[in-house]
Amino acid sequence: MPEPSRPLDEASLEVSLHQAGPIPLATDFHCRPGELLALVGPSGSGKTTLLRAIAGLYRPAGGRVRCAGETWFDAANRLSLRPQQRRVGLVFQDYALFPHLSALANVMVALDHLSGAERREQALAWLARVRLEGLAERHPSELSGGQRQRVALARALARQPRVLLLDEPFSAVDQVTRRRLQRELALLREQIRIPIVLVTHDLDEASALADRLCVLHAGRSLQEDVPEALFRRPASAEVARLLDRHNVFDGEVVEAGGQRCLQWGPWRLEVARGLEGLSAGQRVAWYLPHSDVVMHRRGRPSQGERENPVSGRVVEMVVLGGITSVSLAFAHGPETLRFEISTHAARRNALARGETVQVSLLASGIHLMPRGDTVDANARMPT
């Protein structure tokens, strides 16, 4: 279900930006104080451009940006506050630290409105909050990637910003450091009650950190919702594919025994919800999460009601440690159905390429979408 609407707090960030070019934008989203919103989408979808527009580093042709009760940008009224007036904390992908300054001096740059003694005291306090005690006098070249990222974050927060913008902040560090920094950001969020907007290509990272995701493609915001809702109920086939969801198919609404169901190749599938208001003969797109595909044990086919048993041929098996990813092909079309089972179960059932197996497509997991949305396979999120 979509997120229930509730009034925006005065300290919320509200973005509505539109232009035909040179960088197309048709984007609307909001972020409440204490909330983390992740902007996800393929390269070239406009994520970094949106961060720059919020920060005042890029001026779109049309739209509006409001934060903390103030209007920062309003194209119709020719209003555009300078970056210094917007009180934005921005962490770039490459951190943008001054190489000739120490960690302490880098943070002090953000505190030029204070006296010298106060600047030093506040900068040291921020370095301590990001766990860099004892490293204040080191220069960026003497710090690890994770430590440089912490300095950049401390500098951004030292401005006492009204919004924190993070542009791929963990992409330049190794996987172990990335996980540690993600955890530290999650803990830091409990102390800073401001909107946080994160740009990332990593869907796992977005799901773990964000309260809500906004899916972008070619400058358009396609859907905004909590991660669970997005991954289980994408608004369109385009959104599903951009989120790297693989089980997206075409079907037709049919009447069977006085009840509507979904015709997919030779099978008539029962659907738990979504057929209301659709008429027989109508073509729809539908999606099924991997978790709602259940493989039957050999020799024990399921005839359970609402389980939608179908048969397919194994065309791909990829063993990933304790999990095996399986793809099934069907005679009625070129699409494949992908699901995961434990590697132990795959071996126990002697699963192999070319074998025919039966699976159930759980009616409660089938999600219907408007038909006709297409997106190039190259526009999927990187995996």
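**A close look at one proline and beyond**

Guide: Pro227 is buried, with a relative accessible area of 12%. The model is a predicted one, in which local features need pLDDT of at least 70 and side-chain atom pairs count only at pLDDT 80 or more, while totals for chains, interfaces and linings use all residues. Residues are numbered from 1 along each chain as its sequence is written, and side-chain values use heavy atoms, with hydrogens and water left out.

Pro227 belongs to helix H8, residues 227-232. Helices (H or I, at least four residues) and strands (E, at least two) are DSSP runs, numbered from the N terminus. Leaving aside residues up to four places away in sequence, Pro227 touches Ser207, Ala210, Asp211, Arg212 and Leu213. Contact here means heavy atoms within 4.5 Å. Arg297 stands 70 residues from Pro227 along the chain, and the C-alpha atoms of the two are 32 Å apart.

The account may now turn to some loops. Asp202 sits in the loop between strand S9 (196-199) and helix H7 (203-209), and Asp202 is buried at 17% relative accessible area. The side chain of Asp202 reaches the backbone nitrogen of Glu205 at 3.0 Å. Such a polar contact is a pair of N or O atoms within 3.5 Å; within protein, one atom must be able to donate a hydrogen and the other to accept it, and residues adjacent in sequence count only if both atoms are side-chain atoms.

Ala218 is placed in the loop between strand S10 (212-217) and strand S11 (220-225). Its relative accessible area is 40%, so Ala218 is partly exposed. Phi of Ala218 is near 50°, a positive value in a residue other than glycine. Asp244 likewise has a positive phi, near 65°, and is a residue other than glycine. The loop that holds Asp244 runs between helix H9 (237-242) and strand S12 (248-256). Asp244 counts as buried because its relative accessibility is 14%.

Another loop, between helix H10 (343-348) and strand S20 (356-361), contains Asn349. With a relative accessibility of 6%, Asn349 counts as buried. A polar atom of the Asn349 side chain lies 2.9 Å from the backbone oxygen of Ala345. Pro22 lies in the loop between strand S1 (13-19) and strand S2 (25-31). The peptide bond from Gly21 to Pro22 is cis, with omega near 5°.

A pair of helices comes next. The axes of helix H5 (residues 145-158) and helix H6 (residues 175-188) come within 11 Å and cross at roughly 20°. Axes are lines fitted to C-alpha atoms, for helices over the stretch in contact, and angles run from 0 to 180 degrees between N-to-C directions. H5 and H6 are therefore roughly parallel to each other, as angles under 35 degrees count as roughly parallel, over 145 as roughly antiparallel, 65 to 115 as roughly perpendicular and the rest as oblique. On the H5 side the contact is made by Gly146, Gln149, Arg150, Leu153 and Leu157, and on the H6 side by Thr177, Arg180, Leu181, Glu184 and Leu188.

Arg150, found in helix H5, is buried with a relative accessible area of 10%. Beyond residues up to four places away in sequence, Arg150 touches Val130, Arg131, Leu132, Arg180, Leu181 and Glu184. Arg150 and Trp126 are 24 residues apart in sequence, and their C-alpha atoms are 9.7 Å apart.

A disulfide is a covalent bond between the sulfur atoms of two cysteines. Here a disulfide is taken as a pair of cysteine sulfur atoms within 2.5 Å. The count by this rule is zero. Cys67 is in no disulfide, and the nearest cysteine sulfur, that of Cys31, is 8.9 Å away. Cys67 is buried, at 0% relative accessible area, and Cys261 counts as buried at 8% relative accessibility.

Finally, consider the whole chain. The protein chain has ten helices and 21 strands. Of its 383 residues, 49% count as buried. The C-alpha trace spans about 80 × 50 × 35 Å along its principal axes. Among contacts between residues at least 6 apart in sequence, 67% join residues at least 24 apart.

Methods:
Buried < 20%, exposed > 50% of the residue type's maximum accessible area, 1.4 Å probe, protein only.
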